[in-house]
Every structure is written in C-alpha cells, then in structure tokens.
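Hi,

Here's the structure I promised to pass along.

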Amino acid sequence: MHVLIIGAAGMVGRKLTERLVRDGRLGAAPITAMTLTDVIVPDRPEAPFPIVALQGDLSVPGEAERLIAARPGAIFHLAAIVSGEAEADFEKGYRINLDGTRFLFDAIRLVGGGYKPRMVFTSSIAVFGAPFPEAIGDEFFTTPLTSYGTQKAMGELLLADYSRRGFFDGVGIRLPTICVRPGKPNKAASGFFSNIIREPLAGHEAVLPVDEDVRHWHASPRSAVGFLIHAATMDTAPLGARRNLTMPGLSVTVGEQIEALRRVAGDGVVARIRREPDQTIRGIVAGWPRNFDASRAESFGFTAEKTFDEIIRVHIDDELGGSWVK
C-alpha cells in the first residue's frame, strides 16, 4: 500500500502521518511507501518503509500528475485554504480549494488502466447554510454562506460524480471544527474555539471575539485522524451514490466550553480568557451550523467524543504531557 497525503504539513496531516507510521499499516494492508506533500516541505519521520516529502502546489498544472505517477493506493486530500483566508482572498480560495481538487481528480481519471485508488476528501460543515433545522442531517440541502463552504460543496459534488463514474473510490468527510488545535493560531475564523482552551492551559491570555451563547460542532484532532483512517478502510458499497458524510461531533456553546475548562483546569485558567467582540468574526460565525444528526456516519462506524471535558483531556494528554499551567 502506497499512501499519498496532500496537505501533510498541516496539523491533521502531521497527526495522520504519525499515526500511520506508528501503525505501519492502513487497515489490513501493510504500508510499503508514503508520499507527503504540501506548499512547504512536510517533516519526514523515521519509518520502516520509504517516505518521500515534497513541496508543491496542487493548483499548479502538472503537480497532480507528478503525485499520481506512482499510483498510490490510498490518497488523503487534506489541502485547503481555510475559511477566513478563503473569504478574504476570493481568487486564492477558488484556485486552491476548487481548481486544485479538480486537477487532482482529473489526474487520477486520466491514468486509466484500471487504476482506482481510495480517495478520502476532507470537506466541512461549512457546506451548510442558514436557516438551519435543530439538527442537520445528511439530507439537508447545501446552501453555503461562505466562499470556503461553496468551494467544499463543489468538491463534494465532484467526488460523488467521479466515484459514480468509477474513476476512484471516494469518501468525503465533513469535519467538525477541530478542537483543541495545537500550535499557533491560524487564519481560520473558527480559531477562537481552540484559542480559548489552548492558550489559557499554556499560561497565556486568549481573546474571545463572540458571545458565550454561540453554539458550534466540535471533535478532537485524535477523532479527526480516526475519521480519516476509517474512511480509507471502510466498505464503501453501502454508501451507494451518497459519498459525503457528516462526521460525528459534539454540539456545545462557548459558555459550555468555558465551564468544561473550569471543571478540568480550574478558575485560574479560565480567568485568562478576555472578551473582545469582533464584528467580522461574529458575522461569519452567525451563518454557521450549530448541531448535527450524524447517525448515518455513526452507522458506518465513525465515532467521536461525547463530552467537551473529553476533548480538553485529549489535548492535555496528546499535546501537554498530561499537565498544564495552573
């Protein structure tokens, strides 16, 4: 099994790489080679199989063909411009999130000769737009209210059509907002959901730009990696033509996040959160979905955390060595 990870330098890509290197296999198939690529050269870990780390931009003509030349059997397409940046830079968002995806899918299609890899595409809950029902099921129509959500919805349609035509065996997973994200803040409009947990636990102040009654859908980085691996190894026959799935997660308000942080880490940590309203972020978040019915994905074996306390403890265990700054 040759595994290709596109977007391997990002947080989820790094964690997926670490997990696959540790496991040494993808499902029942031993990994024999791995290719990692991103707009910056990804870190190349030590592994019992060869790993190639490449720099490349998927939206540049010819780059997708270079990556597909070795005919990887499993492809994880994680590369994307995140929500806030896609909204701020319209042309860049469409070039990376739509054109890059189309170039990749077409490169696979044009190989021919019976080549039919498993394609795992990371979509987003941003494909849905208000007004929302109480809990959004997979049957709810996609009317995104951001350019990022529009680009991801287009990718979902392409994935379903190329799978229907037999060019590859695709699974699209709509990721919840991944929380708590390690590392430094990025340009995602959703970054504050992680910031208000990660920074106080590290002893730093965090800015909260929205009201505490804002409700959102979350899963941990550990769960995100689990989603990806399961999508790459599951039996896709029961999916039929409906290849895109909303992943399980947890619907909580910002206030409930803060109270979970208080239970896990105490009042002193919570006191490091500073309220500073940001009308731009408030406007973006107001158009986001808040709660989902992920029973279809769960019926196919996808799982996530059940409480936000669990999500915080995953971050403490995986990123902070089991402790935090009191």
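A word on terms before anything else: I call a residue buried when its relative accessible area is under 20%. Keep in mind as well that this is a predicted model.

With that cut-off, strand E13 turns out to be covered on both faces. Leu 250 and Val 252 are buried on one side, and Ser 251 and Thr 253 are buried on the other. E13 runs antiparallel to E11, and four bridges join the two strands. Across from Thr 253 of E13 you'll find Arg 215.

Both strands come up again with helix H12 (residues 308–319). Its buried residues are Phe 308, Asp 309, Ile 311, Ile 312, Val 314, His 315 and Ile 316. Their cover includes strands E11 (215–219) and E13 (250–253), along with helices H6 (191–201), H7 (221–233) and H8 (254–265). H12 has twelve residues and spans 16 Å from first C-alpha to last, close to the 16 Å expected at 1.5 Å a residue. Just after H12, Gly 321 has a positive phi of about 65 degrees.

The other thing I looked at is a helix pair. H4 (residues 90–111) and H5 (residues 147–164) pack at about 10 degrees, with their axes 9 Å apart. Angles under 35 degrees count as roughly parallel, so H4 is roughly parallel to H5. Among the residues making the contact are Phe 90, Tyr 94, Leu 98 and Phe 105 of H4, and Tyr 148, Met 154, Leu 158 and Tyr 162 of H5. Overall, the residues of this contact divide into nine nonpolar, seven polar and three charged.

Cheers

How values were computed
Residues numbered from 1 in each chain as written. Predicted model: local features only at pLDDT ≥ 70, side-chain atom pairs only at ≥ 80, totals over all residues. Heavy atoms only, no water. Axes fitted to C-alpha atoms, helices over the stretch in contact; angles between N-to-C directions. Parallel < 35°, antiparallel > 145°, perpendicular 65-115°, else oblique. Contact = heavy atoms within 4.5 Å. Nonpolar A, V, L, I, M, F, W, Y, C, P; charged D, E, K, R; others polar. Expected span 1.5 Å × (residues − 1). Buried < 20%, exposed > 50% of the residue type's maximum accessible area, 1.4 Å probe, protein only. Pairing = 2+ DSSP bridges.
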